[in-house]
Amino acid sequence: MRQARALPLSRRGLLTAGGALGLGALVTACGDNGGSGSGGDGGGSWSFTDDRKKKISLDGRPQHIVAYIAAAAALYDFGIEKQITGVFGPTTLKNGKPDVQAGDFPVDRATSLGNTWGQFNVEKYASLSPDLLITNMYDPGALFYIPDDSKKKILQLAPSAAINTGRVSMLEPIKRYAALAEALGADPKAKKVTDAKARFEKATETLRKTIKSHKLKVMACSASADLFYVSNPKVSADLIYFSELGVDFVVPEKPDKGGYFESLSWENADKYDADVLFLDNRTATLQPGALTSKPTWSKLAAVKAGQITPWSSEPRFSYAGAAPLVESLTKAIQDAKKLS
């Protein structure tokens, strides 16, 4: 489902992958302000073990962080507000406004190293004197949005940390970003964080109850000019979590390589029936208004019934980022009716 941004067709298509590690004992520190605690770099060493099981050790807490925009947004939600000096990935729209994937992160405060797939200004990255590079990991060992042709140069400039964001329930990467944020100095008990967690937990319980009284089939999907993608709820972190809560998703019969989705020609876009379409809303994908010329799209029962709801297919892995997604899906299911 990552299509229009020209991502490689594994996660690029419908982004997600991985296998996150649990929270326990993955953050370690020595010295006064090592791996967790408050603000400054302190006088002690700092370490963190990421989801590649790679231990990153530094002389002090990182003060110049460069992060994939969704990672930056998640860390910002958990209280990291000043250390992120550079970002890469879909940060701003053509009109200069923040991309949906930037969440609440103040994009004007950080240097952008590239806004689209394949873009990463290595020289600009070096000029930021980075202490740490952070990104998602949708496929084992693959650092998301780090171009293969410049990966070696990039990784020579600073240590990297990868958080697993696919093939695991959404709660896992949320907990891991919370742990990383705490290691970087954020306060896990800050009101901003606890309020967001309370909202998320309330939203998940509401969705769980809604599903019990609304027996509907939901299809997570993404649209491009040439193909219609049906997402796999057994691979994408958010869909895995929603399934755990009871949402009945269409499961594609023949997922493409990587397992994230099944790509269908528009002539075959009606292969699966669904009561609600959970449609990828990323900037690079096509929205309902741009799909009226596709005959098969217009024939879909959910389209005829107007039962289409936006899907943030590349979620922000924080409680603040996830709560609205759960609430949106809940409302869509509450407002929909059984079509078959």
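Predicted model: local features only at pLDDT ≥ 70, side-chain atom pairs only at ≥ 80, totals over all residues.
1. Turning from surface to interior, buried residues make up 54% of the 340 residues in the protein chain. The secondary structure consists of ten helices and 14 strands. Among contacts with a separation of 6 or more, 71% are between residues 24 or more positions apart.

2. The nonpolar interior deserves attention next. In soluble globular proteins, nonpolar side chains tend to be buried together. Here the largest nonpolar core has 83 residues, and the members that touch the most others are Phe 105, Ile 134, Tyr 177 and Phe 242. Helix H2 (residues 69-77) gives this core its largest share, namely eight residues. Another core lies apart from it and holds 18 residues, including Met 219, Phe 228, Leu 264 and Trp 266.

3. Which residues does Tyr 177 contact, leaving aside its neighbours within four places in sequence? They are Ala 71, Ala 74, Leu 75, Phe 78, Ile 134, Thr 135, Asn 136, Ile 163 and Phe 317.

4. Aromatic rings form a further theme. A pair of aromatic rings is described by the distance of the centres and the angle of the planes. The whole structure contains 20 aromatic pairs. In one of them, Phe 120 and Tyr 125 have ring centres 5.3 Å apart and planes at 75°; since an angle over 60 degrees counts as edge-to-face, the pair is classed as edge-to-face. Phe 120 has 10% relative accessibility and therefore counts as buried, while Tyr 125, at a relative accessible area of 0%, is buried too.

5. The pair of Tyr 229 and Phe 261 has ring centres 4.8 Å apart and planes at 80°, so this pair is also edge-to-face.

6. Finally, charged side chains are found over aromatic rings. Arg 167 lies over the face of Tyr 260, at 5.0 Å from the ring centre. Lys 192 lies over the face of Tyr 76, at 4.3 Å from the ring centre.

Definitions and conventions
Residues numbered from 1 in each chain as written. Heavy atoms only, no water. Helix = DSSP H or I, 4+ residues; strand = E, 2+ residues; numbered from the N terminus. Buried < 20%, exposed > 50% of the residue type's maximum accessible area, 1.4 Å probe, protein only. Contact = heavy atoms within 4.5 Å. Core = buried A, V, L, I, M, F, W, Y, C linked by side-chain atoms within 4.5 Å. Phe/Tyr/Trp six-rings, centres within 6.5 Å; stacked < 30°, edge-to-face > 60°. Lys NZ or Arg CZ within 6 Å of the ring centre and 35° of its normal.
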